[in-house]
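Dear colleague,

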Amino acid sequence: MSDADLDDPDGVPTLIARYGQLLRGDHDEGERGKLLLDILHDLLTGSGIQPRPAAPLVGVSPTLGLRRGDTKLLLGLVWRDSPLTAQDVAVWQQAAQRRRNVQVVLISMSGFDSRVGESVDPQSPAVVLLDRTHVEAALCGLLTIEDAMQEVGDRAIFDGTAFTSVTDLVLTARRDDPPSFVSFTRSPMPWELELAVAAGVSLQHLLSAGAGWGQITGFTVDDSRMLITTGEGVMKSTPCAAPLTGCCR
């Protein structure tokens, strides 16, 4: 990644660049928490949410207040040198108990220890637990903080799951059916096919992308698979039979 990739068209450092500078900087716990909260503020603002600074819910932890529909949320941030323990989380759950009309979200940049589930009291309001991986996934566009808060919160309330990792969120996320291909055997084709080849190059039309595809920026064939790159990522197409059948899944 070049330096140009880290700035927007106006030369202002992107959120990823600011986060990288934060990681490289020599900040104490309070400073890095406040700097990260500024990044999260701008990240949420870019998603159309209007967060505002809020009074700390626990200790002096930097906190943002925001709304999601009719729901009020307090997003607290902790960045220590070691994971939060079950006892630490219990303190946040007790604070949430006093604010039953507010959804409490706790981001621990140092993560949580393996016994964090022991702090969960099913009779108390659930505290949504996010860690560094959720923040970094949101900065990279893999998910949004608001979607993570909602899904992790739903699993805490409905499934009794104290913590849901980014991996579990991504692997179990609902996905729409992938867009289809149109085989070369279809006649007539739904659109005019334009071919432009260099001299001496042989070209055969096998498949065309159907409705729902973004702009295809590249592809490669790997054994029996075709890997296709679009603006949304890389997709795999595996032929069902010989390539000339045009049958893919």
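For the accessibility classes used here, buried means under 20% relative accessible area, exposed means over 50%, and partly exposed lies in between (1.4 Å probe, protein chains only). Accessible areas come from the Shrake-Rupley method with a 1.4 Å probe, and for residues only the protein chains shown count as cover.

This is a predicted model, in which local features need pLDDT of at least 70 and side-chain atom pairs count only at pLDDT 80 or more, while totals for chains, interfaces and linings use all residues. Residues are numbered from 1 along each chain as its sequence is written, and side-chain values use heavy atoms, with hydrogens and water left out.

The chain contains 6 helices and 10 strands, these being DSSP runs numbered from the N terminus (helices H or I, at least four residues; strands E, at least two). Of its 249 residues, 35% count as buried, and the chain exposes about 15,400 Å², of which carbon and sulfur atoms supply 51%. Among contacts with a separation of 6 or more, 50% come from residues 24 or more positions apart, a contact meaning heavy atoms within 4.5 Å.

Across the whole structure, 5 salt bridges are found, each defined as a side-chain nitrogen of Lys or Arg within 4 Å of a carboxyl oxygen of Asp or Glu. One of them joins D42 to R18, with the closest N and O atoms 2.7 Å apart; this pair links distant parts of the chain, since D42 lies in helix α2 and R18 in helix α1 (residues 15-24), 24 residues apart. D42 counts as partly exposed because its relative accessibility is 31%, and R18, at 25%, is likewise partly exposed.

A salt bridge also forms between the side chains of E151 and R155 (2.9 Å, N to O). Being 4 residues apart in helix α5 (residues 145-159), these two are separated by about one helical turn. E151 is partly exposed at 33%, whereas R155 is buried at 15%. In a further salt bridge, D88 meets R80 at 3.3 Å, N to O, and R80 is partly exposed because its relative accessibility is 35%.

Finally, D26, D28, E29 and E31 gather in a patch of negative charge on the surface. Such patches are made of residues with over 30% relative accessible area and no salt bridge, like charges being joined within 9 Å; Asp and Glu count as negative, and the charge is placed at CG of Asp or CD of Glu. E31 belongs to helix α2 (residues 29-46) and is partly exposed at 41% relative accessibility.

Definitions and conventions:
Patch = residues over 30% accessible without salt bridge, like charges linked within 9 Å, V, L, I, M, F, W, Y side chains within 5 Å.
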